[in-house]
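Please consider the following structure in terms of its strands, helices, ring contacts and backbone exceptions.

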Amino acid sequence: MKVLVLGLGNNGGGRSAALYFARRTGYEVRVSDTAPRSAFSHVPQELEDLGVQCFFDDLDPRANIRWADVVIKNPAVPASLPQLSLARRLATDFSFLFASPLVEKIRLVAVTGTKGKTTTVAAITHALNELRHEAMMCGNMGISAFTVLDELEKRQSEGRKLPQYIVMELSSWQIHDTYIALNGHMPHLRLAIFTSRYADHQNRYRDLKEYYDDKLKLFGPNCTQILAGSANKRFILEHSLSRRGSVHTFPGYGNPFRGGKMELQCAYSALRLLAFSRKSALKALESYKGMPHRIEQVALFEDIMFINDSAATIAEAVSFSMRNISPLSTHLICGGTDKNLKASGMLGALKAASSITLLDGSFTRGRLIPLLDENGLAYSGPFQNMKEAFNEAVAKAEAKRDEFSQVQCVLLSPGAASFELFKNEFDRGTQFKALVKVYIARKTGQQSFPLD
């Protein structure tokens, strides 16, 4: 079989797909990406050593699409790409996972929403493993479903037990592509979760309805139970194919995490719907420490707290993060690439910030700076790199700490995409964390400082 991986991507999904097929007999594998070879470090050589043909700067992939028996589409490749109409068969990592008979023995939990997907998946997976009900996670956080499928097949061949749960994060694009690949028949889900609903990805969708419609494809009669934030129950019942009365809401009055982090509220409610007791669910979640790049406390040094929230790629996420940090005096680093979304959702956070430092980008110049000017809010920048922005924000934090003898917070919460200055939001957050490490090392005279 001839397999084309269309879109190698920056988060490992394309690599995992190519490796999955290249390590099995009977497959010819190609990879096509519009980016140059240099954008992928050692990965092209790794794949070529296994016999994979790699095509970079491939701005018109029609020849490779015609060659392939099946095209594995990266979610970042627009569904509107005209050349996709040439594909004999379109598939995704999730369509392959769901088609495997192995998953019939495993309970599937799927999570979507605009914000809170990754942390909710991580919290549920952590809790299930704490409760000795083995769970694996995959999806939009950078773990391909091919990685999970590979592990399932290895276990079967070796006679080892399969996990009891797979907990999946699905973006709107992943749901859309998988729904199409499975001819409109999604798998049976033990629990489907809708964390939150905000405007997003309007650079890829024609309107909000199209964006929401893709997410709603997850919530059909294939779901045993549905869990949603209380504001979204009516929305799901009115617009999805779910059975009326089957939607449960979080946090609920009995939720011990009510008023706290959303992922803990949601994970607790999910565990209760999965028939775990209140006591066991609470105990399992007590040891959950959070996820990188999502309100991640990197360090507290000399009364300055450093928080990496680089995964905040919409304006509303910045306000959400600021509310979690309040009442600390916060020096906000924000801005980046436009996703055709308004900046007004972060106005409350901008007004509450002790200082504002801007990273450059189309969102910064086209939307954020006009909003700041309109409201008479001072800012520094925009800066062309993380180092300059970091140094500016830290200088503001040091000055206010020295003046008022109060703990300060330097918060990276961009409210925008990252691609004009960084590889992705994880690269953006990693650069921030590295600068924290250098800052502390310089202040203490150490050669290095462990962050983890």
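**A strand covered on both faces**

Buried here means under 20% relative accessible area, exposed means over 50%, and partly exposed lies in between, with a 1.4 Å probe and protein chains only. In a regular strand the side chains alternate between the two faces of the sheet. The strand spans residues 165-169, and five of its five residues are buried. Helices (H or I, at least four residues) and strands (E, at least two) are DSSP runs, numbered from the N terminus.

The model is a predicted one, in which local features need pLDDT of at least 70 and side-chain atom pairs count only at pLDDT 80 or more, while totals for chains, interfaces and linings use all residues. Residues are numbered from 1 along each chain as its sequence is written, and side-chain values use heavy atoms, with hydrogens and water left out.

Strand β8 has pairing partners, where two strands pair if DSSP finds at least two bridges between them. With β6 (residues 107-112), β8 pairs in the parallel sense over five bridges, and Arg-107 stands opposite Tyr-165. With β7 (residues 135-139), β8 also pairs in the parallel sense over five bridges; here Met-137 has Val-167 as its bridge partner. From β7 the chain passes through helix α6 (residues 145-158) to β8 in a right-handed β-α-β crossover. A crossover is right-handed if, with the strands pointing away from the viewer, the path from the first strand over the helix to the second runs clockwise.

Another right-handed β-α-β unit is made by β15, helix α14 (residues 362-374) and β16. Its strands, β15 (residues 355-359) and β16 (residues 380-383), pair in the parallel sense over two bridges, and Leu-359 has Phe-383 as its bridge partner. Strand β16 also holds Pro-382, which is joined to Gly-381 by a cis peptide bond with omega of about 10°.

A cis peptide bond also joins Phe-250 and Pro-251, again with omega about 10°. Pro-251 belongs to the loop between β11 (247-250) and α10. Most residues other than glycine have a negative phi, and most peptide bonds are trans. Glu-302 lies in the loop between β12 (296-301) and β13 and is partly exposed, with a relative accessible area of 43%. Ser-405 lies in the loop between α15 and β17 and is exposed, at 65% relative accessibility.

**A mostly covered helix**

How many of the 11 residues of helix α12 are buried? The helix, residues 315-325, has eight buried residues, among them Ala-315, Val-318, Phe-320 and Met-322. The buried residues pack against α10 (262-273), β13 (304-308), β14 (329-334), α13 (347-352) and β17 (408-412), where contact means heavy atoms within 4.5 Å.

**Rings, charges and cysteines**

Rings of Phe, Tyr and Trp (its six-membered ring) pair if their centres lie within 6.5 Å; planes under 30 degrees apart count as stacked, over 60 as edge-to-face and the rest as tilted. The count comes to 15 aromatic pairs. One of these is the edge-to-face pair of Phe-390 and Tyr-439, at 6.4 Å centre to centre and 75° between the planes. This pair links distant parts of the chain, since Phe-390 is in helix α15 (residues 386-404) and Tyr-439 in helix α16 (residues 425-444), 49 residues apart. Both Phe-390 and Tyr-439 are buried.

Elsewhere, ring pairs join Tyr-20, Phe-21, Tyr-27, Phe-96 and Phe-146 into a cluster. Arg-24 lies over the face of Tyr-20, 3.8 Å from the ring centre. The charged end of Lys-217 sits over the ring of Tyr-179, 5.6 Å from its centre. A charge sits over a ring if NZ of Lys or CZ of Arg is within 6 Å of the ring centre and within 35 degrees of the ring normal.

The structure holds zero disulfides, a disulfide being a pair of cysteine sulfur atoms within 2.5 Å. For Cys-409, the nearest cysteine sulfur, that of Cys-334, is 13 Å away. Cys-409 is buried, with a relative accessible area of 0%, and Cys-54 is buried at 16%.
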